[in-house]
Every structure is written in C-alpha cells, then in structure tokens.
Amino acid sequence: MPQGWPAVGVRTSSDDSLNAYSDMQHDTETEALLPTSRADLHPAVGSPAKAKAPTTKSHCTQKQFNALHVSAAFVLGTLACVVAQYAICGTNCFSRTPGSQQAAGHHVQTDERVSVMAPPYVGSTTVHHFPPTKPTNAYPSLFPTNVGYPGGTPTGGEPGVIATAPAYPMHNGQCGQQLLKPNDLHFKAPNHLDDEEDDVKKKKKSKFNLFRKWGNLSPWYSVERGAFGLDSSPEPPEQCKVTGLHFLHRHGARYPTAWANYGGPAKLPAKLHKDPASWNATGKLDFLNSWTYKLGEELLTPFGRQQLFDLGISLRMKYGFLLEKFTEKNTIPVFRTESQDRMLASALNFAIGFFGYPFDGQYQQSITIEEPGFNNTLAPYKTCPNANDKSKSDRGFWYVKNWSEIYLEDARKRLQKDIPGFELAIQDVYTMQQLCAYETVALGYSKFCELFTEEEWEGFDYSLDLQFWYGSAFGSPVARVQGIGYVQEMVARLTHTPIETHNSSTNSTLNDNPITFPLDQPLYVDATHEVVVLNIITALNLTSFAQGGPLPYTHIPKNPTFKVRELAPFATNIQFQLLECDSEPDTQIRVIINDGVAPLTGIRGCPESKDGLCSVNTFVEAQKQTIAETDWIWECHGDWTVPAGPEWETVTGSPPPKPASL
C-alpha cells in the first residue's frame, strides 16, 4: 500500500483525504476484476495538487452528464421497453384480468389488476447431456484402470452382523441425508389466536415424515418393529442360526415412467408451457414463473444409484459369511436382473456395494430380457395379455381418480388463487404431489413439496395404496397369476429340483440350465419392479396384508394393513431367511419385508409363530397347491371381464372363476 493511504475502513480527518479514500475504494473493487496497477489510476494521496497527470487516459475516466442527458435517457429507455414488450406479445402485455388483490398500502378502486405474463420457456424441458458424445480429451489407453503394483492384499474374515451382533442395523431411508424436505409444510391460516397457538404446538409435536408419504415413490426404510403384527426383528430367534437367504429387491429411485394412469409429471409442464402469456403465478406458486421440467424418463437417479450401492453394502455386512459356502464348493454366485436400463443399473450398483470394485470374477449377472415374447418371471406382464388390458390390470385408476376429487378439492381451490389465468384441475394438483416426490429423489429438493398440508400428503399416500391394491396386489384380478412364476422358481430352489412344468412366465431356456439357474446356492439375489414384488406377495398368500381390504375410496380406513410405502417403495427388499433351529427338526423359513417380520399364517399349514417361522416343507407344500390352483391360460388369456369400481372385488388377486362349461 503506498505511504499516506488510509487502511481500509479507517476515516481520515481532512476532506481531501475522505475524497481520496472514496476513490481508493472504487479502485480496489476494480483491481479485483482487472489487472491494472493502482499507480496507473491515481496519484498518491497527499501528493501536490498540481501533480502531473498520467500521459494515457485512464479506462475508469467517466464522462460527466447533466440532468437533460439523464432525463432523455430515461424516456428513451422506457419507450424501448414498451416497444420490445409489444413486439413480443402484442396487446396482451397491457391487458387487465379480473382479480381482487390489493397492492400493499393502496386501495384498489377496481376488481382488475395488471397481468404479467410468464416467460415463454416456462414448463419447457431442461436437459443436461452428459457425457459428451465425442469428448476431445478422451484417451482411454492413457488412463488404464489397472496399472499393477497393488500393494499387499491379504483378506480377512467375512462380516456377519445378522449372526454375531447384539442388535440389527435399521435404515432410515435417506442414504446419508441426501434428500431435503421443506422446513414447513403448508398450514391453513387459523381463524383466531387460540387456533394459531394450537397449530404451533401441533407443528412442534408432529412426527410427520414427508419421505414416508409417497407410497411406491418413497425411499425404502426399515419399518417399525411390529408393523406387520409380529413383535419380532430380523435377527434370528434364540437357538436359531441363518443358513441361507433368498433376497428379492426393487430397483432404486428413478425418473417417471413413460406412462401414467392418473396424473403424470410430464403433463403439467406441457400444459403450463402451452400458453405462458395467459397466466402469472403468485404466492406459493410464484416459483412456476421460472420453473422448467428437469426430469428424464425411467432412468435411475443419482440417489437411486446410492440406494442400491448402500443396499449391497448392507447385505454384505449382514450376510457376508454365506459366501464361505461358495468357496467350499468352488463356485461363485449367480444374481439375476432384467434388461431395462434402471434394472440393470440397479443390479450393478448393488454388486459394486456387495462385492466392491472390481467385481469381475466374484459373481455372474444373469440378465433376462424384458420384451414381449420373452418369458421372464421378473417382468411377467410381457407374456400375460390380460395384464396389459387396462380394464383388468388398471382397476386402481377409478379409485385414485374418485379419491383425489375428495381429498384434493380444498388444495385445488387454495392453489387456484395463486395462478390466475390457468385453470387447475384436480389431476393437475395431484401431479404437483407426484412432482414433489420425483423432483426430490432426482434433484434433491422440490418446491412442490411446500404446497400441501400433512393431511393432503396422507391422502396422496393412500391414493397409491388404492392404485396398487387394485392394480398389482390382492385387489387385482391378475396379480396372483403374474407372481406365480417366481413362486415356482422359489420352490425349485428350496427343494433343489428343476421346475417340472413351465406353464407360466418361467423361462425354460434359462431355468433348465443349472449354470444359469443354479439350485444349490446359499444366497440368491433377484432384482425386479415394485408391481412384481406385490404380485409375489399376493401369490405367496401373505394374507395378513389383505385383512383390511377391499380398500374404500371415500376415506382412509383406520389401521390399514396394506401400505405401499412399507411393501414396495424404491429399493424395497424382501429377505427369505432359511434357519436351522435347535427346537425344530426341519429347516425354517421367515419372510422379512423392509426389516419387518411378516406373519405366515395365511400359508396353509404354517402355524402362528411370534417370530414368523414356518417349516420349509410346509411352506413348499402350500405353494405347490397354489401353483396347481393357478390357471395361466384362463387368468392371462381368458375372455373374462370385471367392472370398474367396487361393483366387483377380490382379495386373493385372482379373477372371476372359470365357467364349468369351458
């Protein structure tokens, strides 16, 4: 700093010094942006008044303007703005639309207000393409993934938390708090002070968890002990030890699918983008004025990748000791998934978590094809025509539509006030709730989550119970038949015998080959969709989840037994534990869904057990009987019909019985 300059933030006593200090602050700001030395800009403070001026003109030298210049510039600028606005939207920019709002501090003499159009890009789709198609700096040969010299690599013993730890690690669903929820949900304005005080108390006491109110769009979490009616936990009961595991899981969080029976996140932005000049959002919806649609389609999101990576690590920590049995037999595991991108990505992220990178040589990944004409128990709907008939397979649509018109009407009226010029339908408001869930698991946070009350989120969660009860589970006429192929595969694995008859979605090419479909593994891992998970739960006859059905569309029942957020969220998982117990002569099986132990009393012959235990032999015989009772030809290809709504119901996942004449 030149001698005689004041330190930043220190005032000098003379007026000349104050002026110099002001100039110095301006130049300090300039120096932060431009590579110019201070000596080039000003003489040192305290130098003679007639100091020689710089020989070159400073780039900061400003031309002086008088009031006439400023006034003329203001008028011309205003005219230019008016002309530009007119060129863009014509007379619509200056029209007035009905309204009843008052400007702050001013009384409005008319019930009209100026309408400011939303920008034309509102509701358009934002896409970030990564990686580039042909990056100019990509030289794979210069960046090998293995250069040798790994250092010491002695391994240790396998983990076995399920067998050795005094407690079982539960999962909160957030994968390290990657998802953010609003600090406050919408709360209705109270009518008087007492109501306001009660509302504040309610907020403080509430244990409401938004991430657990999205049905199948919720991230998976460990359900509470006793959630399914048994006061038991996943650890093996005393005197029992785990000897094998069949593990079934869903893919991780994804973008929306290409279809939606009701709502559909892509539909609202398309509607907003159609005529942005006709509306302007205010209040809670103000963010829509600059909002764009940032969701892709069906691909796994970064959070979804982490879910499966974490799930793989979790399973290795709990059941890693089962791998010793593969070493004893000199074999490696075969895990299964199918060909859809999110399914394969989920399986591979799970494998990286379970085996670590690189996983080459540690396991083999079987990939079945999900396309019409390919038998596939992990996507059975591709070979079941009735599962693609919406009047039979999409019975949930009627219930969701009618329920939404009940629980979302107040929200629609409330939100409509904040978007004049745009007519909000109930389905649009439902889509906003979907967008909250999808944007959160894809982008980390969503403004749409701030728009609804706890009660409205409870309503959304229940709408998805309705959708999946009637579309994929006990209330669907095509649920059991779609899950029966996986049950056949499980029986084959439990009995170590090949499938006798391929009369469902089983794939004889893969299933009859002991290399691609081994029957003697201590650990199996299969990845599928949430609808198939629910199909399998239904086909297994886990009737404790159907005790409260059929589900009404007029209200949320008390203590429902069927909750999609507990049974089929993103990355949902089912453990079929095999155990040897000192008190039982036969191998036992347990079904643990998202760390909740499920009763098996709906399965013929399985006794009431506080820990959900049933003999494998009894379990297998009951499933064989269900397989025999399931008619693939009639249920998937038969010419039967069911009406929409509650006029016809099932609680077994099966269609109307086949007429005796056929």
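Below, a colleague asks about pockets, cavities and helix contacts in this model.

Modeller: This is a predicted model, where local features need pLDDT of at least 70, side-chain atom pairs count only at pLDDT 80 or more, and totals for chains, interfaces and linings use all residues. Residues are numbered from 1 along each chain as its sequence is written, and side-chain values use heavy atoms, with hydrogens and water left out.

Colleague: How much space lies in the largest pocket?

Modeller: On a 1 Å grid over the protein atoms alone, a pocket is an open set of points with protein on both sides within 12 Å along at least five of seven lines; a cavity is a set where a 1.4 Å probe fits but cannot get out; lining residues have an atom within 4 Å of a point. Points are joined across faces, edges and corners, and a volume is the space filled by probe spheres set on them. For the largest pocket that space is about 1,100 Å³.

Colleague: Which helix gives the most to the lining of the largest pocket?

Modeller: Helices are DSSP runs (H or I, at least four residues), as are strands (E, at least two), numbered from the N terminus. The lining has 45 residues, with Thr257, Trp259, Ala260, Gln467 and Val531 nearest the centre of the pocket. Helix 9 (390-393), helix 12 (426-443), helix 13 (454-472) and helix 16 (530-539) each supply at least two. With 5 residues, the top contributor is helix 13.

Colleague: Which residues line the largest cavity, and which helix gives the most to that lining?

Modeller: The largest cavity holds about 50 Å³ of space. Its lining is Tyr168, Trp220, Phe247, Leu311, Ser314, Leu315, Lys318, Asn573, Gln575 and Asp595. The most, 4 residues, come from helix 6.

Colleague: How are helix 14 and helix 16 set to each other?

Modeller: Axes are lines fitted to C-alpha atoms, for helices over the stretch in contact, and angles run from 0 to 180 degrees between N-to-C directions. Under 35 degrees counts as roughly parallel, over 145 as roughly antiparallel, 65 to 115 as roughly perpendicular and the rest as oblique. The axes of helix 14 (residues 479-495) and helix 16 come within 7 Å and cross at roughly 85°. The two helices are therefore roughly perpendicular.

Colleague: Which residues of helix 12 meet helix 10?

Modeller: The axes of helix 10 (residues 396-407) and helix 12 come within 10 Å and cross at roughly 90°. Contact means heavy atoms within 4.5 Å. Val400, Ser404, Glu405 and Tyr407 of helix 10 meet, in helix 12, Ile426, Tyr430 and Gln433.
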